[in-house]
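The entries follow in the order I made them.

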Amino acid sequence: MKNWYKVLLLLGFITVVLIACEADLEIDQTVAEIKSEQPTISSFSPGTAPVNSLVDIEGTFLNFVTEAYIGNIEAQITSRITGQRLQIQVPNNAVSGVIKLVTDEGKEAVSSESLTVTYPVPTVTTALPANGDVNSLINIIGTDLVGITGVTFGGTAGTIEFQEDQALVVRVPNNVGIVDVVLTYLTSNGPAVLTASTNFEIILPQPTIGGFPAVLTRDNEVIVVGQDMNLITDGDVDGFPVIINSQSPTEIRFNVPSSVQTGYVDINLNFQGGGTITQTGTPYINGQFEQLYEFDSDPASVFVVDYSKDPNAMPSINGNVVQPPFPGNQYYALTMNTATGSTVARAKFADTSTNPAYADVLNSGNYGDNPVMHFWMHTEGTNPTFKIYIGGGSSSDRRQLDTYTAPGLNINEWNLYAVRLNGFIPNGQNTAGAFDLRLTPGSSSSPVPEIINLDWIIVTDRVLTEFGAIDMTDEFDPI
């Protein structure tokens with residue numbers, strides 16, 4: 001006779017089914033019953049462990065263990081590897097004793113043998129470097145370094161980034177000057193210290209900016225990345241002091257002060273030692289802002305091309321012109337090579353925008369009831385047709401731009417176009433129903449190629465004249 005077992009987990013119950021030749025016997029256990037199983041410890045290793053080191057424990061039902069002890073001292077459970085294996089860390093004040101594991105249900109497992117806890121005295125076998133910048137990493141090489149609990153530089157704590165028995169990696173703190181580097185370690189009688197260097201020089205570096213945001217907006221935190229950013233002490237935007245929300249060696253975060261007005265602004269960040277880093281001419285929008293497409297992050301495929309209308313259409317990221325003044329390094333480029341009045345490329349926000357705000361553009365009270373769509377466009381001297389659909393897909397739901405005659409408009413350069421959307425299409429009251437952009441050469445007699453380069457399709461609460469935005473609302477024609 002041969003028996004076999006099948007374990008089925010369904011809706012919080014575990015059913016163990018035993019099938020025999022003569023009859024079927026079914027035994028049900030709830031999750032609570034399984035969790036109340038008695039854990040066991042079959043072995044642990046190593047048998048002798050220094051403080052702060054890791055001990056592997058093997059047994060059964062260990063996945064339900066919530067507390068671990070060495071003698072009467074609680075130890076941290078650092079890893080649950082399987083139901084038969086877990087890992088604990090020897091605590092700083094541990095003494096030799098048996099290992100005890102406890103589950104939520106109060107079940108206890110106790111090892112049959114004691115773990116021997118040691119407090120080895122660490123040694124440093126390689127001289128430290130003579131100096132290091134604030135925030136830099138230094139390596140400390142030696143033996144029994146796992147028992148180190150802290151490293152100070154002239155009394156200021158460094159951050160231990162990596163630790164094992166023969167190596168420490170420590171981040172140098174901000175305590176400029178010639179200092180002693182002191183290691184604190186554990187003994188059976190309490191903490192002790194070991195001096196690793198008596199003349200380590202901490203050098204103050206200058207922060208290095210990796211990049212400022214391309215555009216600042218009222219409701220979004222400014223994140224400036226770089227190196228040694230925690231050395232920045234204060235700053236301002238257009239002379240108005242900023243409040244630093246948080247900072248680390250790799251970034252600083254703040255909000256633009258409320259008094260700063262829309263326009264190009266200067267950012268000044270002052271750092272320890274008396275220097276200033278300045279970024280000039282950064283666009284800032286003091287108003288409601290939503291970005292719908294920006295081709296540093298959006299692919300060309302957000303505009304779906306209908307090759308049945310133009311088999312020779314050429315969409316790409318970037319084309320034959322320089323990038324718009326801001327915000328990024330990439331734009332959408334479309335060359336249409338077949339004369340047609342049909343849509344060659346379409347961006348349907350409902351399908352391709354990752355920002356759900358497109359659906360709320362015309363909601364009452366939103367954008368101060370004055371939502372304005374902006375976009376950069378460069379047609380390289382050609383006259384393609386740009387269509388906006390709101391509320392549906394019929395001709396009554398669209399307006400189109402195919403005459404580029406507004407004052408200040410030069411179709412041989414980038415222009416920032418603005419379209420006031422409230423009332424733009426009389427029956428288009430719901431952008432959640434339909435909000436599309438469509439591109440076409442214009443007609444079956446249009447000269448080709450027709451070219452459209454687009455970037456930074458956004459919505460704000462007013463026309464951004466500070467950045468040269470041209471209000472094209474009245475230039476769009478009904479069909």
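**Entry 1: salt bridges**

Is Arg-171 buried, partly exposed or exposed? I looked it up: Arg-171 has 25% relative accessibility, so it counts as partly exposed. I note that the model is a predicted one.

I then checked the partner of Arg-171. Its side chain meets that of Glu-161 in a salt bridge, with N to O at 3.0 Å. This pair links distant parts of the chain, ten residues apart. Glu-161 sits in strand 17 (residues 159–164), and Arg-171 in strand 18 (residues 167–171). Glu-161 has 42% relative accessibility, so I logged it as partly exposed.

How many salt bridges does a search of the whole structure find? The search gives ten.

I picked out some others. Arg-218 and Asp-219 form a salt bridge, with the closest N and O atoms 3.0 Å apart. Asp-219 is exposed, at a relative accessible area of 53%. Arg-218 is partly exposed, at 35%.

Arg-462 pairs with Glu-466, and here N to O is 2.8 Å. Arg-462 has 30% relative accessibility and is partly exposed. Glu-466 is also noted as partly exposed, at 31%.

Glu-221, Glu-251 and Arg-253 are linked in it by salt bridges.

I turned to Asp-397. Where is Asp-397 found? I located it in the loop between strand 36 (385–390) and strand 37 (398–401).

Asp-397 is buried, yet it has no salt bridge. Which side chain of opposite charge is nearest to Asp-397? That is Arg-399, 7.7 Å away.

I listed the contacts of Asp-397, leaving out residues up to four places away in sequence. They are Ile-388, Tyr-389, Ile-390, Gly-391, Gly-392 and Ile-425.

**Entry 2: the largest pocket**

What volume does the largest pocket have? I read about 200 Å³. Its lining has 13 residues. Closest to the pocket centre are Pro-213, Val-215, Leu-216, Thr-217 and Phe-289.

I asked which strands supply the lining. Strand 22 (216–217), strand 23 (222–227) and strand 30 (289–293) each give at least two residues. By class, I logged nine nonpolar, three polar and one charged residues in this lining.

I looked for cis peptide bonds. The bond from Ser-45 to Pro-46 is cis, with omega near -5 degrees. Pro-46 lies in the loop between strand 4 (40–45) and strand 5 (48–50).

Phe-326 and Pro-327 are also joined by a cis peptide bond, and omega there is about 15 degrees. Pro-327 is in the loop between strand 32 (314–317) and strand 33 (332–336).

Asp-238 has a phi of about 50 degrees. I found Asp-238 in the loop between strand 24 (232–237) and strand 25 (240–241). Asp-238 is partly exposed, with a relative accessible area of 38%.

Trp-456 has a positive phi as well, near 55 degrees. Its place is in strand 40 (residues 450–460). Is Trp-456 buried or exposed? At 0% relative accessibility, I recorded Trp-456 as buried.

Thr-48 came up first. I found it in strand 5. Thr-48 is partly exposed, at 46% relative accessibility. How far apart are the C-alpha atoms of Thr-48 and Thr-116? I read 4.5 Å, although the two are 68 residues apart along the chain. Beyond its sequence neighbours up to four places away, Thr-48 touches Leu-115, Thr-116 and Thr-118.

Then I took Asn-422. It sits in the loop between strand 38 (415–420) and strand 39 (435–440). Its relative accessible area is 45%, so Asn-422 is partly exposed. With residues up to four places away set aside, Asn-422 touches Leu-362, Asp-369 and Pro-371. I also checked Asn-422 against Asn-255. They are 167 residues apart in sequence and 30 Å apart in space, C-alpha to C-alpha.

Note on methods. Residues are numbered from 1 along each chain as its sequence is written. This is a predicted model: local features need pLDDT of at least 70, side-chain atom pairs count only at pLDDT 80 or more; totals for chains, interfaces and linings use all residues. Side-chain values use heavy atoms; hydrogens and water are left out. Helices (H or I, at least four residues) and strands (E, at least two) are DSSP runs, numbered from the N terminus. Buried means under 20% relative accessible area, exposed over 50%, partly exposed in between (1.4 Å probe, protein chains only). Lys and Arg count as positive and Asp and Glu as negative; His and the chain ends are not counted. A salt bridge is a side-chain nitrogen of Lys or Arg within 4 Å of a carboxyl oxygen of Asp or Glu. Contact means heavy atoms within 4.5 Å. On a 1 Å grid over the protein atoms alone, a cavity is a set of points where a 1.4 Å probe fits but cannot get out, and a pocket is an open set with protein on both sides within 12 Å along at least five of seven lines; lining residues have an atom within 4 Å of a point. Grid points are joined across faces, edges and corners, and a volume is the space filled by probe spheres set on the points. Ala, Val, Leu, Ile, Met, Phe, Trp, Tyr, Cys and Pro count as nonpolar, Asp, Glu, Lys and Arg as charged, and the others, Gly among them, as polar.
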